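Please prepare a briefing on the pockets of this model and on the contact between its chains.

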Amino acid sequence: MKSFSLKKWIVLLSLGPCLTAGAQSVIVHESNPMHKVSRGFVRNAFLGNSVDWPNQAKIQIADYTSGFPLRAKFSEEWLGLSPNKVYMLWIKVSLSGRAAPPRVFKNEDEVKRFVLDNPDAIAYISNTAGLPKGLRAIEVEP
Amino acid sequence: MAINLLLTTTFLFLGLSLCTFAQAEEKRIDWYGYAQTDLSTTDEPEQAKGFRLSRVNLIGDFVPASRVRFLGDIEFEDGADHSVDRLQGTIKLSRAFLEYTFFSQLRLRAGKILTPFGLYNEVHDFTATYFSLEVPRIYKPHAFFNGLQKQRIFAKYSTGVEGFGTFDLGSDGAQLDYAVTISNGRGETLSGGDINGTPGTSLRAVYRPGGGSPWQFGASAYQDRNHEGIGGTSDDPEQTYALDVQFETSKLQIQCESALGRFSAPSGRRHTALLSYGQVAYTFFDVLTPYIQHSVERYDLRDSEGQHQETRVGTAWNFAPGFFLKGEARFFAGELQEQDINYHAYFLSAAIAF
């Protein structure tokens, strides 16, 4: 068997973060007029820096309870911050009167149900397989 | 007069908008808030010691339609026993405003608001939102002159109108926030009107670079005719300008703010006061954050008297989601009008956000 060269290992290791970063999917209600958003928009929305969709509807953030593994992954990979730091930032955002804090749910099914019921909601899930009717993944430009 | 007309028109407009949209769309309401209690000891005779229920705040955030929002913030502050025959502490409506969004670049608020000033005035005195136990000294009232009431160098609250918004500067997430307020300024009648008929104005701008940058840069300005001037001069024209810089990652956090306040002294001479602080905090295990904060104040840049320095050293422990414990030591050294003021103070604080 051919052994991996050092060069191949370096390429593989450097590709690693690119393949895993952003593995989660950002989902919205199917009636949401946005089909494509920038990664900067997603970051600003989930940090409370942007509180409206481009059509001026208030963004409703759905998140997971603390300790939910997907929350930690999303916080680190998409927002570049620890989940607790994100939580602390949201306390600031809500107390400054900028926006209400995100709704938090115990699992992905509850999150999907919330987005189904709220056309202005945004959330993230681990994968889009079996995404119920009425929801869709939104394309995120790097 | 002009401010009253502006307020009335804005309220009418927002009220009509609310009625129109509320019929058509689903209403949404969120309740959240916080509570904090402190224990302190100090060798300064005039400082409060012992247990203190600092505050309990309940915020109602009502969104009757996509562009309209009402926020009310009820606060119980600094009280031990609050019964009908023994009133202690304060219950007040800290904030109450109607908000209308034209676009994300322009929103309008009318009512009682927290003046958008500096990093912390709008987050409203909740210990979990800053590193030290209380807001930095820039935000606190100061005894600039002996025998006169302590005052801030800006109005903490404003009754009036605020225009604010956010400009997206690129797909990397860079943003520019701004906020402009026109209000009664400091000095209101018992029924809430402007006592001297001259509005207070404020401006704040914040720049956040994109690409997940940990930096943030801000500038604030406030001016009014302070009815009970800092130096005791009635309707004194006072101005304050401030700059702030923040570097914030999950672990390391650095913040610096400086404010210049201009006001008349009791002698009539104009004073320029400089109030600054810097603080560094580092978070271990995502929950334990030791911090150090150093404040420097000069109550008149042309006079070496009236200099204060305070160092706060402490640790914040976010031991469960929404629960916070803090321990802090304060070392204050200064002198005001030939009186030395030196004290140490030690605090423990427990807080909850819900």
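The largest pocket of this predicted model holds about 1200 Å³ of space, a pocket being an open set of points on a 1 Å grid over the protein atoms alone, where a 1.4 Å probe fits, with protein on both sides within 12 Å along at least five of seven lines. Its volume is the space filled by probe spheres set on the points, which are joined across faces, edges and corners.

**Largest pocket**
- Of its 45 lining residues (an atom within 4 Å of a point), B:Gln47, B:Lys140, B:Pro141, B:Lys150 and B:Tyr343 lie nearest the centre.
- The lining comprises 17 nonpolar, 10 polar and 18 charged residues.

**Second largest pocket**
- This pocket has about 910 Å³ of space, and among the 45 residues that line it, A:Asn49, B:Asp177, B:Val206, B:Arg208 and B:Gln216 are the closest to its centre.

**Interface of chains A and B**
- In contact (heavy atoms within 4.5 Å) are 34 residues of chain A and 49 residues of chain B.
- There are 6 salt bridges between the chains, each a side-chain nitrogen of Lys or Arg within 4 Å of a carboxyl oxygen of Asp or Glu.
- One salt bridge joins B:Arg107 to A:Asp52, with the closest N and O atoms 2.5 Å apart.

**Conventions**
- Residues are numbered from 1 along each chain as its sequence is written, while chains are lettered from A and ligands numbered from 1 in the order in which they are written.
- Local features need pLDDT of at least 70 and side-chain atom pairs count only at pLDDT 80 or more, whereas totals for chains, interfaces and linings use all residues; side-chain values use heavy atoms, leaving out hydrogens and water.

Notes:
Ala, Val, Leu, Ile, Met, Phe, Trp, Tyr, Cys and Pro count as nonpolar, Asp, Glu, Lys and Arg as charged, and the others, Gly among them, as polar.
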